[in-house]
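Work through the exercises below with the sequence and coordinates open. Each task is followed by a worked solution.

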Amino acid sequence: KRTVEENAITTPSNHANIFVDLQKLMQEAIQEQPKFFREGSVMNNLIESGIEVVWFSDMTQNDVVYGICCQREEKRVTVVFRGTVNSHNWLINLKLSTDRVPNPVEQEYPGRTDMLDIHTGFSLYMLRRRKDTSTNKIEEIFKKIDAIGREMAPDGRYNLSISGHSMGGALATLLGFYVAASQKFVNVKQVRVFTFAAPRVGTTSFLHAYQHMERSGKIRHARFSNRADIVPVVPFCNFDGFRPWRWKYYKHVGMRVQLHGVGRVAKWRLSKALDVTYPLFHDWASEARRVFVNSIFANLTTLKGFKRNHTLTEYQKRTHFASQYRLAMAKSIFYNDQKRNRMKSLDEYYSIRAQISTNDVSMTSNVVPPSNQRRVLVFLIVMSMMLFWLNLIMALANSFSGGNASNVQDHQANGRSKFPHPAALTTPPSNAEEFIVPTMKDTRQANLPDGIAENDTLLISDVEAQLLAAQSQLNPLKEYATGITFDPMLDEGLYLVGAGVRKKSIIKV
């Protein structure tokens, strides 16, 4: 507001608005004002991209609603169509019959016909002539595009993109086809069409004409469709009465990019490749496969799922997930498939799936693949860590479970030990968890280890006095703990006196 007032002061009053640079004013406002949209959001990207909305047609909600944007740095004009929002739009969608319209492609190609079969509802929206101006919607948009494009590039060499969602995707498909076939845009190198949840537009005659434009390099079409979204799989045919032999079946055009959600199944599919297909072959086997994949039965879900999967928000979420997941895989050092470790361009997919190549197609990767030495180094580090943790776990398990058993085995293996083997527990309680030494009895009657006879010369008499001395410590220990007493294990003058309690704690040593 301040800039406008300053300009108005320095210029004559009758020409005040002529000297206001709106683009400069917008850039100053963006730089001075704080951001009102989250970083990375659609609105924030739209503002920072420098896209300007130069025309918007919404005089009536029952007509085609579209907007035209431009990006001056890239010399790009973008046409965006709105989808279905009211009952009149639904009535247009449900006009499943076909209209025969003249073929705008003058060149000869396989399967060419003079008339094309187009969806009646979409044909009414785009090709019906107005009574007041005698022009249709396509001619109206042609004039807007050419005027805006030649303002940025007077020679007509500007870029053109067309997009739409749902019914808007079908209208974008029709407009892209007519732009590619028109001599008015002969200097436009290539038309880019991006549709989301677009239904079918025409029959086989339209498909052949559309593919001829693709082979000529005039148009490239990325058709995004969500899994379990039924709008992209309709209409099936024109249902011309109760005579199936006269039915005409609708065909999809463009490069289909199927999006499979954000779960584990989607990650597994993305690790293999993006689900991108193109109707290249028209034999009965290929047609049968496409009929099944693009049928309602292969995309069944709940009513809530139908509504959610068709929203533009769901398309944005799945598209963002697919691109970010593939880019993350491209940076992974464990992903060895160099052919699938990056995002391919639309031209590359046309070269792979449609076998249509252009001079601009570059199959070189824009991500530097990791070296073999780095892979080997990381592999050795990971294996060393795994072995370390495995040995640590085994050592801990052995220390907790095999400590007492190993001590008993050591005593049994020593056949000439001069100390008696621990006797059995006299009264073992059921709740006792751990025992150290059996109950003390007469040392002469204690169980002897294997391999020691009664007549062996043991030093029992020497330690008898020590055993009797330890007996005086057992009674107070028995009263203090749980009533469980043990014989002392003698090992070169070491007396071990303990009691097993529920908390596995040593009372006295």
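Buried means under 20% relative accessible area, exposed means over 50%, and partly exposed lies in between. The model used here is predicted.

**Exercise 1.** Classify Arg72 and Glu151 as buried, partly exposed or exposed, and state where in the chain the pair sits.

Solution. 
- Step 1: Arg72 has a relative accessible area of 34%. Because this value falls between 20% and 50%, the residue is partly exposed.
- Step 2: Glu151 has a relative accessible area of 55%. The cut-off for exposed is over 50%, so Glu151 is exposed.
- Step 3: The two side chains form a salt bridge, with 3.9 Å from N to O. Arg72 is in the loop between β2 (66-71) and β3 (76-81), while Glu151 belongs to helix α6 (residues 137-152); the two are 79 residues apart.
- Step 4: Glu52 joins Arg72 and Glu151 in a network of salt bridges.

**Exercise 2.** Find how many salt bridges the whole structure has, then describe the one between Asp117 and Lys248.

Solution. 
- Step 1: The search of the whole structure gives 20 salt bridges. Side chains of opposite charge can pair when their charged atoms come close.
- Step 2: For Asp117 and Lys248 the N to O distance is 3.4 Å, which is within the 4 Å limit.
- Step 3: Lys248, at 29%, is partly exposed.

**Exercise 3.** Give the strand order of the open sheet and identify its edge strands.

Solution. 
- Step 1: The sheet has eight strands in the order β1-β2-β3-β6-β7-β8-β9-β10, with mixed pairing.
- Step 2: β1 (52-57) and β10 (275-277) each pair on one side only, which makes them the edge strands.
- Step 3: From one strand to the next, the twist averages 15°.
- Step 4: β1 and β2 run antiparallel and are joined by five bridges. Trp55 has Ile68 in β2 as its bridge partner.
- Step 5: Helix α8 (residues 204-215) lies across β7 (191-196) and β8, at about 120° to β8.

**Exercise 4.** Locate the cis peptide bond from Val234 to Pro235 and two residues with positive phi, Lys75 and Ala197.

Solution. 
- Step 1: The bond from Val234 to Pro235 has omega near -10° and is cis. Pro235 is in the loop between β8 and β9.
- Step 2: Lys75, which is not a glycine, has phi near 55°. It is in the loop between β2 and β3 and is partly exposed at 38% relative accessibility.
- Step 3: Ala197, also not a glycine, has a phi of about 55°. It lies in the loop between β7 and α8 and is buried, with a relative accessible area of 0%.

**Exercise 5.** Which residues make the nonpolar surface patch of about 880 Å²?

Solution. 
- Step 1: The patch is made by Leu377, Ile381, Met385, Phe388, Trp389, Leu392, Leu396 and Phe400.
- Step 2: One of these, Ile381, is in helix α14 (residues 372-401). At 48% relative accessibility, Ile381 is partly exposed.

Note on methods:
Residues numbered from 1 in each chain as written. Predicted model: local features only at pLDDT ≥ 70, side-chain atom pairs only at ≥ 80, totals over all residues. Heavy atoms only, no water. Helix = DSSP H or I, 4+ residues; strand = E, 2+ residues; numbered from the N terminus. Buried < 20%, exposed > 50% of the residue type's maximum accessible area, 1.4 Å probe, protein only. Pairing = 2+ DSSP bridges. Axes fitted to C-alpha atoms, helices over the stretch in contact; angles between N-to-C directions. Contact = heavy atoms within 4.5 Å. Patch = residues over 30% accessible without salt bridge, like charges linked within 9 Å, V, L, I, M, F, W, Y side chains within 5 Å. Areas by Shrake-Rupley, 256 points an atom, 1.4 Å probe, with all protein chains shown as cover.
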